[in-house]
Structure formats: C-alpha cells, structure tokens
Amino acid sequence: MSLSLGWFKQLKQEWVIPEVIPERCVHSLCEVASCTRCVDACPQEAWLLDDASLKIDTSRCDGCGLCIAACTESALVGNSPVVEVTPAINRRQFLRKALVFSVEDSMAPPVALPLIPFVPMLSLANCNGCDACIKLCPHQALQLEKSDDEQTLAYRIQAEHCTGCGICMDVCERDAVEVRQMLPVDQQVGNTMIPLVQARCKACGSHFHYPADGNAAKQHCRICAQTNHHRQLFQVY
C-alpha cells in the first residue's frame, strides 16, 4: 500500500512540473538574453539558469505555477493546481454591494486612460542603425519599413506587440534601446515612426542608415567607424 501511495505521489508531482518550449524561450533566441523571470518567480528556487542551459530541479518544484504566469513569452506550460474559492458573501449581499458600487462609480471622476504594459524607446543619439534589435525582436514590435519606391526608410515601434522580453536591450551594443513599463496611451508611444538617413560609406562603399534626428551627417558605416577606416576590413551583407 505504501508503494502504491509513493508511486501516486510521484506521478502527481510529475504531472504539475512545468515544461519548457525551447523555441519560445528568449534564451534560445538570443545567447546574451538576460531574462530571469521564471527563476525570480520560483519560491522554491527550483529553476537553475546558467550560460549553458535552463533546468528545473524536480525535487524542489511543488507545481505552484508562478513561473508559468511570470513568463511573458508563454515558454512554460504545465498543469497548475486548481484552487477552489468559496464566496465570502451570499447572492443578496453581492447584488446589494454591486448596486452601491454602481452608484459610487456614476459619481466618480473620469477613469484614466489605459496603460501600455511595455513600450520600447529608442535613443536617437545613441542608435547607429545596426538593426540588431529589428532582426531579433520575436514579435515585430520593432520593424524596419521601406516606402514603395524603397527610397525612404524608417523604424516603426509598435508597443502593442511588445511583451517585455528584453532581447532588444540585451543585443544593443550602444544601450540605445530601453523598454519602459506602464505608460499611458495618450503619450503617443504606442505607434512611433523614426525616419532614417541613408548613406554610402566612403571607405568600404557599403550602404548604411541611421536615425535622422540627434545625429550629425555620417560618412562612414559603423564598421569602418570602429576600425579607423582600414580598407582591408569590410562587411558582407
């Protein structure tokens, strides 16, 4: 009997242990990703994150499901335990309180505008137009847009697509990207266009671009600017 109970307890524990979907985890998308949401949310310290992998200590996990809720990429799945909530009031008390709340709300001041959970912000003075954040954003919150004639380029920031994964900040070598939280929509930060200047490098001949505002006219691409314009070094697109 004790053997059966032990087997059942082990099976129940394995049933609630979360699993990782690798293709959704930011650590699979970017080697320098700094996200630690699941590790920070676990009260049992069951998650182990190092440079090589993300692992879970099944002997510590109690299946609380907090890590699943904390992951903004939905990279963790599992069967969290169901918690039954007993109502503290009966039906008549509930209706009476609802009537009171509706009267109070009708006399309350206007509610503030909704907030955007995560808003990517770009520093025009620091950005060198490398497009690393554009290429690695898994949700297209940051995009490079071209006009129909491909003569005009611009960065588009769509905050409603951002999940706050932080990859854009992790890959930016010049700290030009910042993800702010809970900004009101009236600040016009939900959908932003940043015009880009297009140029051709005088050293290597490669075409490059950079934000128009906050930057003086540039004659060299970011590679040649770092290598002191040596002609033996060039970039391949």
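This is a predicted model: local features need pLDDT of at least 70, side-chain atom pairs count only at pLDDT 80 or more; totals for chains, interfaces and linings use all residues.
Residues are numbered from 1 along each chain as its sequence is written, and side-chain values use heavy atoms, with hydrogens and water left out.

Back to Ser74. It is not a glycine, yet its phi is positive, about 55°. Ser74 sits in the loop between α4 (66–70) and β4 (76–77). Helices (H or I, at least four residues) and strands (E, at least two) are DSSP runs, numbered from the N terminus. Gln140 also has a positive phi of about 55°. Its loop runs between α6 and β6.

β6 (residues 142–146) pairs with β7 (residues 153–158), antiparallel, over five bridges. Pairing takes at least two DSSP bridges. Glu145 has Ala154 in β7 as its bridge partner.

Now the cores. A nonpolar core joins buried Ala, Val, Leu, Ile, Met, Phe, Trp, Tyr and Cys residues through side-chain atoms within 4.5 Å. The largest has 19 residues; Cys133 and Tyr155 are among those with the most contacts inside it. β7 gives the largest share of this core, three residues. Cys133 touches Leu142, Cys168, Val171 and Val177, leaving aside residues up to four places away in sequence; contact means heavy atoms within 4.5 Å.

Notes
Buried means under 20% relative accessible area, exposed over 50%, partly exposed in between (1.4 Å probe, protein chains only).
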